[in-house]
Amino acid sequence: MNKNFILKNRTLFLPVVIITVLLFLAIFADFIAPYGVSDSDYSMTLSSPSLKHLFGTDELGRDVLSRIIFSLRISFLMGIIPTALLIILGTLLGVYSGISGKWIDSIIMRLCDIGLAFPFMIMAMAIVYNFGSGIMPMILTMTILGWSSIARIIRSQTKSIIKEQYIEAAISMGASKANIILKHIIPNLKGTIIVLFTINIPKGILAEASLSFLGFGAQPPMTSLGIMVSKGRNFLFDAPWISITPGFVILIMALCFNSFGDGLKKHFEDFKRGNYDE
């Protein structure tokens, strides 16, 4: 596999650069942001973009750019952690379903059907409402509601893999299910897992922004892009930059991760077909 495939593929390179820059801003927000997340200047309320405040200020005179930079932390946190958890859960259940007998397979798949039967946002709001708003309830909610689709895809891939001769040989030699899963199936699912992880990160980012917009996500004094869009809607005609700017950042993050996921998917498909110039 060509190790420099990202540098040679624009659909991968540009999203990686943008994601890396945004991640750098999020990690070093305390040093990069021109103002503190809650620093207020009441003489500059609803100030339009200027050299002093590049993205303007909000109704409390807080710098919009600084708040966006700090909000990136929540976006990456809610994009990566729940996605990692649901990928792990969905992969384990999907693989186990794929290699198990009919009744275990049926039980896991029926649980998937239940998880996919209800609209995500309605179930998410119901769960967060009962467990309380905040970061941990959102992580729990996204994990519970997100593993079903992953498990279905992994199960389908597993069903194809176990038909291979080396799997049948391992089974005939008395290899345990755990051994087959860890040494034979999971390594062959690596490409699929990486792609699923990448394309599910923007779902987590959008879910967090949506829940925060509706008041079920991160709570003040914590800030997030969804909260900024929600608070700014009251000033949409007087100070549109309060909502539009964080909304645009959400869009850029979602597009970059989706484009990166699509690029990885195409890369792995080309590699499997042997369509690679080394």
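User: In which helix is confidence lowest, and in which is it highest?
Analyst: This is a predicted model, and the protein averages a pLDDT of 86. Of the residues, 93% score at least 70. The lowest mean, 63, belongs to helix α1 (residues 5–8). The highest, 93, belongs to helix α3 (residues 29–32).

User: How many helices and how many strands are there in the protein?
Analyst: From the N terminus on, the elements run α-α-α-α-α-α-α-α-α-α-α-α. The C-alpha trace spans about 75 × 50 × 30 Å along its principal axes. The count is twelve helices and zero strands.

User: What share of the residues is buried, and what share of the contacts with a separation of 6 or more joins residues 24 or more positions apart?
Analyst: The protein has 278 residues, and buried ones make up 44% of them. For contacts with a separation of 6 or more, the share from residues 24 or more positions apart is 71%.

User: What does helix α5 reach from its first C-alpha to its last, against the span expected at 1.5 Å a residue?
Analyst: Helix α5 covers residues 102–117, which is 16 residues. At 1.5 Å a residue, a span of 22 Å is expected. The reach in the model is close to that, at 22 Å.

User: Within what arc do the buried residues of α5 fall?
Analyst: The buried residues in α5 are I104, D105, I108, M109 and C112. Viewed down the helix axis they line one face, because they fall within an arc of 125°.

User: Which residues are exposed on the other side of α5, and which helices are included in what covers its buried residues?
Analyst: The cover over the buried residues of α5 includes α4 (64–99) and α7 (135–161). The other side of α5 carries exposed residues. These are K102, W103, I114 and A117.

User: How far apart are the end C-alpha atoms of helix α6?
Analyst: Helix α6 (residues 120–131) has twelve residues. At 1.5 Å a residue they should span 16 Å, and the model agrees. The end C-alpha atoms are 16 Å apart.

User: Why are the buried residues of α6 on the same side of the helix, and what do they pack against?
Analyst: A124, I127 and V128 are the buried residues of α6. They lie on the same side of α6 because they cover an arc of only 95° around the axis. The face turned away from them carries the exposed residues I122, Y129 and N130. The buried residues of α6 pack against α7 and α10 (190–213).

User: Which residue follows α6 with a positive phi?
Analyst: The phi of this residue is near 100°. The residue is G132.

User: How many disulfides does a search of the whole structure find, and are C112 and C256 buried or exposed?
Analyst: C112 has 0% relative accessibility, so it counts as buried. C256, with a relative accessible area of 7%, is also buried. The number of disulfides found in the whole structure is zero.

User: How many salt bridges are found in the whole structure, and what separates R110 and D113 along helix α5?
Analyst: The search of the whole structure gives eight salt bridges. In one of them the side chains of R110 and D113 meet at 2.8 Å, N to O. R110 is partly exposed, with a relative accessible area of 43%, and D113 is partly exposed at 29%. Because they are three residues apart in helix α5, what separates R110 and D113 is about one helical turn.

User: Which residues do salt bridges that share partners join into one network?
Analyst: D58 meets R62 in a salt bridge of 2.8 Å, N to O, and both residues are buried. D58 also meets R67, at 3.9 Å, N to O, and R67 is buried too. Salt bridges with shared partners make one network of D58, E59, R62 and R67.

User: With which residues is T245 in contact, leaving aside its neighbours within four places in sequence?
Analyst: T245 has its place in helix α12 (residues 241–273). The cut-off for buried is under 20% relative accessible area, and T245, at 16%, therefore counts as buried. Leaving aside neighbours within four places in sequence, its contacts are F55, V64 and I68.

Definitions and conventions: Residues are numbered from 1 along each chain as its sequence is written. This is a predicted model: local features need pLDDT of at least 70, side-chain atom pairs count only at pLDDT 80 or more; totals for chains, interfaces and linings use all residues. Side-chain values use heavy atoms; hydrogens and water are left out. A disulfide is a pair of cysteine sulfur atoms within 2.5 Å. Buried means under 20% relative accessible area, exposed over 50%, partly exposed in between (1.4 Å probe, protein chains only). pLDDT is the predictor's confidence in each residue, from 0 to 100. Helices (H or I, at least four residues) and strands (E, at least two) are DSSP runs, numbered from the N terminus. The expected span of a helix is 1.5 Å times one less than its number of residues. The arc is that of the directions from the helix axis to the C-beta atoms. Contact means heavy atoms within 4.5 Å. A salt bridge is a side-chain nitrogen of Lys or Arg within 4 Å of a carboxyl oxygen of Asp or Glu.
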